Amino acid sequence: MDAKKKKALESDLKVLHDMHMRPNFAELARIYGLDYRTIKKYYDNGGKVPQRKKRIQFSRWDPYEAEIAHKYQVEGATIRAIHDEYRKTLSPEQLPGTYASLKAFINKKGLKKGKTNS
């Protein structure tokens, strides 16, 4: 559902809710292309589209964040080298993840690479 339709639905439901009128959920569902239960959920929420709860996600690399940041700051360090070092020092069961997961973790955290001589 696009933003215009969502705003229109919110305003219609808000007016109906404020006037204490029970709408025909099936008819509104056909108009807006949603399920009648979804329209009812919005109406029961005071005419507002409920905001989704954001789940806090943790990475298996989180306990090593400070160490990774320090190693990544070293001049000439690469993500591959950091991952290889963890592969050598930790057993396969203790290794938090793959090279790709480490790369994604570094990008997500916004860690900056140390400067190189060019």
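Mentor: Let us begin with a definition: a salt bridge is a side-chain nitrogen of Lys or Arg within 4 Å of a carboxyl oxygen of Asp or Glu. By this rule, D62, E65 and K109 are linked in a network of salt bridges, and the count comes to nine salt bridges. Please note that this is a predicted model, in which local features need pLDDT of at least 70 and side-chain atom pairs count only at pLDDT 80 or more, while totals for chains, interfaces and linings use all residues. Residues are numbered from 1 along each chain as its sequence is written, and side-chain values use heavy atoms, with hydrogens and water left out.

Trainee: What makes E85 and K71 a salt bridge?

Mentor: Their side chains meet at 2.8 Å, N to O. The limit is 4 Å, so the pair qualifies. E85 lies in helix 5 and K71 in helix 4, so the pair ties together parts that are 14 residues apart in sequence. Helices here are DSSP runs of H or I with at least four residues, numbered from the N terminus. Helix 4 covers residues 65–73, and helix 5 covers residues 79–89.

Trainee: How do you know whether K71 is buried or exposed?

Mentor: Buried means under 20% relative accessible area, exposed over 50%, and partly exposed in between, with a 1.4 Å probe and protein chains only. K71 has 16%, so K71 is buried. E85, at 36%, therefore counts as partly exposed.

Trainee: Why is H83 called buried?

Mentor: Its relative accessibility is 5%, so H83 counts as buried. Leaving aside neighbours within four places in sequence, H83 is in contact (heavy atoms within 4.5 Å) with residues including W61, L95 and Y99.

Trainee: What makes E27 and R30 a salt bridge?

Mentor: The closest N and O atoms of E27 and R30 are 3.1 Å apart, so the pair meets the 4 Å limit. Both residues lie in helix 2, three residues apart, about one turn of the helix. R30 has 59% relative accessible area and is therefore exposed, whereas E27, at 36%, is partly exposed.

Trainee: Which residues form the largest nonpolar core?

Mentor: A nonpolar core is a set of buried Ala, Val, Leu, Ile, Met, Phe, Trp, Tyr and Cys residues joined through side-chain atoms within 4.5 Å. The largest has 11 residues, including L9, F25, A29, I39 and V49. Helix 1, helix 2 and helix 3 each give two or more residues to this core, and helix 2 gives the most, with four. Apart from this core lies another, of 10 residues, among them I68, Y86, L90 and F105. In soluble globular proteins, nonpolar side chains tend to be buried together.
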